Amino acid sequence: MIAKGDLTGINVSRKASGLKPTGEPIRVLIVDDSMFVTKQITQILSSEGFVIAATAADGKEGLDKYKELYPDIDLVTMDITMPNMDGVTALEKIMEFDKNAKVIMVSALGKQDLVKKSLLLGAKNYIVKPLDRVKVLERISSVLK
Amino acid sequence: MSDYLDPNNEELLNDFFEEARIQIEQLEQNILVLENDATDKDCIDELFRAAHTLKGAAATVAITELAELTHVLEDVLDEIREGHCRVTRPVVDALLVAVDVIKSMVDCRMEGSVYRDQGVEELKTRLHNLLGDAEPDSAAPASSSGSSENKDEAAAGDDSASVLDEDELTELLELLESSQKLFQIRVFFDESALMNTIGGIQVYAALKNEGTILKTTPDFEALNEDIFHPEVYYFVASQSDIPSIRDLVSISDVTTGSEITELTEETLDRLRENKKESVTDSFESRAAGSETAASPVDSAETEDNSGAAASQKKSAETVNDKKGSKKQSQSSILRVDSKKIDSLLNMISESVINKSTINQVSDVYHQLITEFRSLNSKMENEVSSLFDILDDYPVSSEEEDLPQKVRTLRERCVELMDRYDHFEDKFKKNADDLKNSTQKLALNTGSLQEGIMQIRMVPISTLFARFPRLVRDLSHSLNKKVDLILEGEDTELDKSIVEDLLDPLIHCVRNSLDHGLENAETRAALGKPETGTVVMKAGNEGSMIVIEVSDDGAGINADKVRQKAVEKGLISSDAPLTEQEVHNLIFLPGFSTSDTISSISGRGVGLDVVRTQIEKLKGTIQVTSRKGAGTAFIIRLPLTLAIIQGLLIRSATSKFVIPINSVIDSHRILKDQIKLIEGREVFKIRDELIYILRLSRIFGLPPAKEQRVSAYEYMVIIGNEERKLGLIVDSLLGEEDVVIKPLKDKYSKTFGIAGATILGDGSVSLIIDVQQLLERVQSHSGESDYITEEAVNE
């Protein structure tokens, strides 16, 4: 599959952006109730060398997995609208648990308010659905720099 | 792109449909404005914005066919905006067709299918052709980034310290902790970014970790609103340095650049210097109105500068407001499932009933108190007479000489007298409290009810908005020139009514255009302006909404109508009808005067259907017309269907509610004033004969036990100006607000009953269906039924 990003050449310079300077892969927790989005993020990130350490289908599960795997999670992608526990609450709890957590919100268009709230609560950045490969990687790398 | 979408996100889809509806409306309305004034810049901008929004939204939910079409549409609109494409009739037509296709696409998606029509490609080509030589690829991002670049340039010339005045800067510098520096960080944002209103907060959040944010311009509240700010100033106290801050605020896809300045005491000095100069430059420009002069600078200067700064700021704010107003008004609207509101309304209705119950309980308490008081005073009297008897005991003897028993008795009597006084006070106080609370409760439930009703109210503009397009298309196809005037668009009415009002209104308007207005030549010959006028007017009249559709056309030709009605066997040729009555014939089923059945009015639906629809909404429709001058349809509707004012009546042992807007009059009449004509009971009021129905007979009610022997009957006249009947009831009980509860399926077809309600005392009462009673009186078959029924009863 040739994604838009490969053609722009942006990623060429940062080939393996999913690796830490030490060469270890960056471990990601994907929290999203949509299998579709989870699959897409997995695809985008795996191709760059990230390792998907775990996935969770709602905020509660996401929080539990984060605690369980801590400190072996480097990055969390957090959907906003989810059953049981929404992404903003999950983010808040994760930040309480680990104030250095790197959480990036995944939002549908039109959820500006919640994204702003998340950013003020400590989310490092956000990505907007529908996901665009280049932008996802751009925003994730800005969080990791 | 579609692979990335979660197709199951119903909420997102619903949001999209709502968004699409708004944008389509925007498109349609503005295209029509554009048709009349091709130079209306705001309108073109609005159109472009709507197409752009729609395109983005469609892409989000992966409705590609729509995204593609709107993309082309956006290109055309951009060309128009840039002045490369003139707004001609073919252009407007093509745009309108595009809007229609967009509507169909959205409708299909709502039904779960996808719009596929070969016409779409054709349409796209048609739109493309409008573009001419212009580059088809969207110029939108380019132009928007272009404009932000312009802003950058313009801003670069500014004095970097100018956003703060001296006082503000002094204040900020005082807030600094040791080792902290004050930075002014000016950040430019990318308008083309998705959700571009987040940027201000995102940078805020990033800076928050680097130091203390002392101030932002625009302020935090403004950043938190859903408005795009092209640039924001942050004033941060931090130990960090410029490069790391720059790094922090450079967020790809969010910010486009930044200017970072360290503000120090020297900046403050420089600021003061500059001000001094500017003051000496322009002495006469001093502003009046003093501010506190916290600095050693002479106060006149401070005034001048703070005044200037304030006015500068103000103008900046107005610009922002203007930009944000549209978005803001949209974002402050909360979408709620109407079912939720209905269930709230239902609950509050129950509360209204409960309130009445409590009210009655409270009244009972007060009666009880009065009763208790009289009982108590009776008892006191008796005790006192007992006491008196005791007093009759030999008076001569001294108190101490009285026998012990008598003394005890006397003491007990005194005690008895006061025994319940304390209780009475307490009882009274509580009953008063109850009454007060009940009154408060009544007020609260009243306003709650009103508030919830208010939520259900929508301006009629949502309905009227459909008409400019309709009239335009119709007038083109009929080749008539028509101006449509909309009045009272702010008039609000219940959402449930609005939805059912569209068809009848369309029908009336079509009727006006098709049958009412003459073509241009005829009008010219008659000395009328060539362009006909149709006015749609809405307004309130008490608790009713009045909607009028009027035209300045030919009016109803009474002779023609009469002739048609005779031909169709609707009336006998010698029926003595007033002109108004003849006009009303057009509402009869199967009536159509148009010589040829046109595709516009003659869709097999006559005005009788309109009447039925309006009556279903508990409304009335009237027509008034003057030959040669025009016709007006006047529709009257209740504000809401859920709660009505009812006249409570009793017939035999049952209570019934008659909707008050159907009650014309009530009379106490002598029994022998009721006459029999052709076996039917009638009553004569002035010169008018009114058929009479007896509720007790209609519903086969047993006569009340205590057979009243009275020479009088109570008659309620119900109906409307044209059709009325007298309803004989046993007594009138008063008016009450009642909440209509629909009857369960099994009973919903019960003749004469529109629904049920629960009265204040908790009993159930049926609501009379006035329309059905009127129909029965008019229909001949109904009459015979009625007679038989009567015969059986007797």
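Predicted model: local features only at pLDDT ≥ 70, side-chain atom pairs only at ≥ 80, totals over all residues.
I take a contact to mean heavy atoms within 4.5 Å. Residues are numbered from 1 along each chain as its sequence is written, chains are lettered from A and ligands numbered from 1 in written order, and side-chain values use heavy atoms, without hydrogens and water.

Chain A, overall. I looked up contacts between residues at least 6 apart in sequence, and 65% of them join residues at least 24 apart. I noted seven helices and five strands in chain A (DSSP runs, H or I of at least four residues for helices and E of at least two for strands, numbered from the N terminus). Of the 145 residues in chain A, 51% are buried (under 20% relative accessible area, with exposed over 50% and partly exposed in between; 1.4 Å probe, protein chains only).

Cis bonds. I found that Tyr70(A) and Pro71(A) are joined by a cis peptide bond with omega near 5°. Pro71(A) sits in the loop between helix H4 (59-69) and strand S3 (75-79) of chain A. In chain B, the bond between Thr217(B) and Pro218(B) is cis as well, with omega about -5°. I place Pro218(B) in the loop between strand S2 (211-217) and helix H9 (220-224) of chain B.

Positive phi. I read a phi near 65° for Asn84(A), which counts as exposed because its relative accessibility is 71%. Ala652(B) has a positive phi of about 50°, but I list Ala652(B) as buried because its relative accessibility is 1%.
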